[in-house]
Amino acid sequence: MVNICVLFKGLIIKNCVVMKKVNCLIIIIFSIISICFSSCTKDNTDETGIPNQSDFKLTLVKYAKYDDTDSIFYSNNKVSIIKQYGSSTSTSYTQYRFEYINSEVKIYERDFNSGVGSTESLIRTMIFKDLKLSQIKNSEGIVYANYVYDANKLKYVIVDSDDSLAVRYDTEGKNITEMKWYDYNPDTKEYSLVETFTYIFDNKNNPYKNYIYYPFYLYDDEENSLDYFNTNNILTTTYPTSTINRTYSYNENGYPDYVDRGTDGRIYFEYELK
């Protein structure tokens with residue numbers, strides 16, 4: 001699992017190519033890490049204009065290969081605290097606190113060692129507009145990711161004014177089935193295609209859909225940076241030179257208990273019903 005120094009890696013291509021100028025995340029992330037809100041209604045939003053999550057709260061994500069664990073805590077059905085442990089036996093962890101102010105989400109980082117915490121610092125600000133992620137700013141308030149939409153569907157993301165990620169949805173508008181990565185040339189002021197990635201999905205519930213923390217907290221690779229937008233789970237990713245498959249085990253509610261990513265190991269999930 002990435003450390004917070006690579007928090008919001010801003011779309012690093014894992015297992016294949018690494019984006020050379022992408023700002024440190026998730027993609028998130030995440031993406032990273034954003035939004036397909038065509039199904040949002042008044043019932044799953046609040047006065048902040050930021051969407052709530054689904055009826056199931058994702059409470060734990062464990063990366064078996066690296067023995068990393070994310071414990072996720074909520075307030076008013078929104079992610080409020082994440083504690084990232086480097087191992088199952090560790091008493092030290094990094095805490096990420098989420099502060100919701102109108103249409104913004106501010107994320108603060110703080111390290112704890114044997115119960116003693118460091119000074120908390122602001123690391124990212126996410127700005128929402130019309131129930132969609134509009135921008136991500138770094139700790140200095142500088143915008144490093146802009147999200148552009150066609151109606152309610154993500155169209156492309158501009159990262160650091162250099163790279164652009166253009167996406168295409170399936171015919172039902174549920175999942176992003178293709179992503180094209182373009183590199184910007186400031187001399188010619190034109191974008192050139194670098195790589196194309198395609199995706200195949202299952203028909204089960206994606207545990208990361210609309211989860212604010214995920215794409216911005218774990219921008220490890222292009223799949224994770226897109227997971228926030230997708231209704232279902234990625235089964236197959238086709239890279240220019242290879243194909244990666246995932247297999248899942250699902251609970252009775254159609255959410256993954258775990259995903260097996262082959263050489264990248266398994267990710268286990270735990271949930272609570274709201």
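Tutor: Happy to! Let's start with F112, which has a relative accessibility of 12% and counts as buried. Keep in mind that this is a predicted model.

Student: Why is F112 called buried?

Tutor: Buried means under 20% relative accessible area. F112 is at 12%, so F112 is buried. Y93, with a relative accessible area of 15%, is buried too.

Student: What makes Y93 and F112 a stacked pair?

Tutor: Let's begin with the whole structure, where a search finds eight aromatic pairs. One of them is Y93 with F112, whose rings are 4.9 Å apart centre to centre, with 15° between the planes. Ring centres within 6.5 Å make a pair, and planes under 30 degrees apart count as stacked.

Student: Why is the pair of Y255 and Y271 called tilted?

Tutor: Their ring centres are 5.4 Å apart, and their planes stand at 50°. Stacked needs planes under 30 degrees apart and edge-to-face needs over 60.

Student: How do you know whether Y271 is buried or exposed?

Tutor: The relative accessibility of Y271 is 18%. The cut-off for buried is under 20%, so Y271 counts as buried. Y255 is buried as well, with a relative accessible area of 11%.

Student: What makes you say that the charged end of R266 sits over the ring of Y258?

Tutor: The charged end of R266 is 4.0 Å from the centre of that ring. The distance cut-off is within 6 Å, and the charge must also lie within 35 degrees of the ring normal. The 4.0 Å value meets the distance part, and R266 is listed as sitting over the ring. K204 sits over the ring of Y250 in this way, with its charged end 5.5 Å from the ring centre.

Student: What joins the side chains of R124 and Y144, and how do you know?

Tutor: A polar contact of 3.2 Å joins them. The limit for such a contact is 3.5 Å, and 3.2 Å is within it. R124 is in strand β7 (residues 121–129) and is buried, with a relative accessible area of 9%.

Student: How do you know that β7 pairs with β8?

Tutor: Pairing needs at least two bridges, and five bridges join β7 to strand β8 (residues 132–137). The two strands run antiparallel, with K129 opposite K132 in β8. They form a hairpin with two residues between them, and D130 in the turn has a positive phi of about 55°.

Student: How many bridges join β8 to β9?

Tutor: Three bridges join β8 to strand β9 (residues 143–150), and this pair is antiparallel as well. I136 stands opposite A145 in β9. The β8 and β9 hairpin has five residues between the strands, and G141 takes a positive phi near 85° there.

Technical notes: Residues numbered from 1 in each chain as written. Predicted model: local features only at pLDDT ≥ 70, side-chain atom pairs only at ≥ 80, totals over all residues. Heavy atoms only, no water. Helix = DSSP H or I, 4+ residues; strand = E, 2+ residues; numbered from the N terminus. Buried < 20%, exposed > 50% of the residue type's maximum accessible area, 1.4 Å probe, protein only. Polar contact = N/O pair within 3.5 Å; in protein donor to acceptor, adjacent residues only side chain to side chain. Phe/Tyr/Trp six-rings, centres within 6.5 Å; stacked < 30°, edge-to-face > 60°.
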